[in-house]
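My entries follow in the order I looked things up.

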Amino acid sequence: MGLYNGAMILTERQGSVLVLTLNRPERLNAITGELLEALFQALQAANEDKEVRALLLTGAGKAFSAGQDLTEFGEAKPDYEAHLRRYNRVVEAISALEKPLVVAVNGPAAGAGMSLALWGDYRLAAVGASFTTAFARIGLVPDTGMSFLLPRLVGLAKAQELLYLSPRLSAEEALALGLVHRVVPAERLMEEAMGKAQELAQGPTRALALTKKLLLETYRLSLTEALALEAILQGEAGRTLDHEEGVRAFREKRPPRFQGR
Ligand code: T3D
């Protein structure tokens with residue numbers, strides 16, 4: 001078990017999967033500057049660690065994360081631009097992760113906590129978990145990439161409703177909207193999430209990372225640019241040993257054994 005920044009992020013390796021746990025259970029894992037720093041460090045280290053081929057993010061205790069800790073600054077106003085730079089470098093670190101991120105939403109996910117959950121490449125929620133954008137309820141605009149991700153995941157009309165009115169969605173409603181990929185009983189959440197993380201960890205890591213890059217980039221590209229980027233990244237994927245192995249396994253009619261190289 002590893003610790004970052006006074007144990008605000010717990011890390012635990014299980015094979016080639018690194019489990020990161022937001023660890024302020026007494027505060028519903030509400031996010032502070034210190035927690036963001038710890039998360040950023042843990043993400044950076046995981047990205048550089050060749051032995052780690054997938055990550056699993058969850059929350060300690062009964063919540064995933066209540067978003068920004070609304071008591072962090074007391075009565076004072078934070079310097080929002082400086083404050084959000086700490087959030088933004090975490091989002092940049094997640095979007096630049098060269099390995100899949102599975103998110104296991106174990107309870108409420110609100111505000112920036114919901115944003116963090118949505119940044120997972122594969123998202124599971126426990127029965128009983130909930131999602132609320134929360135920003136408008138406290139007179140703020142969406143952040144932590146929510147304005148970028150939400151309309152892409154659920155379409156503009158639903159994003160408008162979720163951002164303007166902040167309803168609290170059940171896990172089943174989140175599934176119906178495409179916010180999560182699966183809902184499972186709470187007692188099976190970690191086992192199911194770990195199973196998916198292990199499956200992804202055995203995948204062609206480089207090709208998965210390049211696919212993630214394409215999915216993020218192509219939104220802002222023209223068709224011609226998207227086709228060009230596909231061709232460039234296909235060139236890169238095509239030079240990996242995993243591609244050779246995938247084709248060899250196909251010819252030999254057996255499952256591939258990808259090495260992440
Ligand atoms: O401002 C900036 O710094 C800019 C950055 C913004 C990013 C953001 O994330 S803005 C959004 C911030 N988050 C929220 O507004 C969510 C507020 N919380 C809730 O909506 C609900 O608490 C939850 C949906 C998360 C959970 O509901 P429930 O019914 O399970 O729990 P509860 O009873 O509401 O809360 C339990 C305790 O946690 C309670 O404290 P108490 O009364 O037992 O002493 C509550 O005040 C506390 N709590 C909940 N959320 C936060 C929090 N304390 C600090 N910060 C929170 N975000």
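I began with a β-α-β unit: β3, α1 and β4 form one, and it is right-handed. I call a crossover right-handed if, with the strands pointing away from the viewer, the path from the first strand over the helix to the second runs clockwise. Helices (H or I, at least four residues) and strands (E, at least two) are DSSP runs, numbered from the N terminus.

I note that this is a predicted model, in which local features need pLDDT of at least 70 and side-chain atom pairs count only at pLDDT 80 or more, while totals for chains, interfaces and linings use all residues. Residues are numbered from 1 along each chain as its sequence is written, and side-chain values use heavy atoms, with hydrogens and water left out.

Next I checked the pairing (two strands pair if DSSP finds at least two bridges between them). Strand β3 (residues 17–22) runs parallel to β4, with 6 bridges joining them. V17 is opposite A54 in β4. Strand β5 (residues 101–105) also pairs with β4 in the parallel sense, over 3 bridges. Here L56 faces V102 in β5. From β4 the chain passes through helix α2 (residues 80–95) to β5, in a right-handed β-α-β crossover.

I then asked how many residues of strand β4 are buried. Buried means under 20% relative accessible area, exposed over 50%, and partly exposed in between (1.4 Å probe, protein chains only). For β4 (residues 54–59) I found 6 of the 6 buried, so the strand is largely enclosed by the rest of the structure. A54, L56 and T58 cover one side and L55, L57 and G59 the other.

I looked up the nonpolar cores, which are sets of buried Ala, Val, Leu, Ile, Met, Phe, Trp, Tyr and Cys residues joined through side-chain atoms within 4.5 Å. The largest has 51 residues, and L150 and L179 touch the most other members. Helix α1 (residues 33–48) gives this core its largest share, 8 residues. Another core, of 15 residues, lies apart from it and includes A54, L56, A193 and A197.

Last, I turned to the ligand. I looked for polar contacts, pairs of N or O atoms within 3.5 Å. A polar backbone atom of A66 is 2.9 Å from a nitrogen atom of the ligand. For L70, a polar backbone atom is 2.9 Å from a ligand nitrogen atom. H83 places a polar side-chain atom 2.8 Å from an oxygen atom of the ligand.

Methods: Polar contact = N/O pair within 3.5 Å; in protein donor to acceptor, adjacent residues only side chain to side chain.
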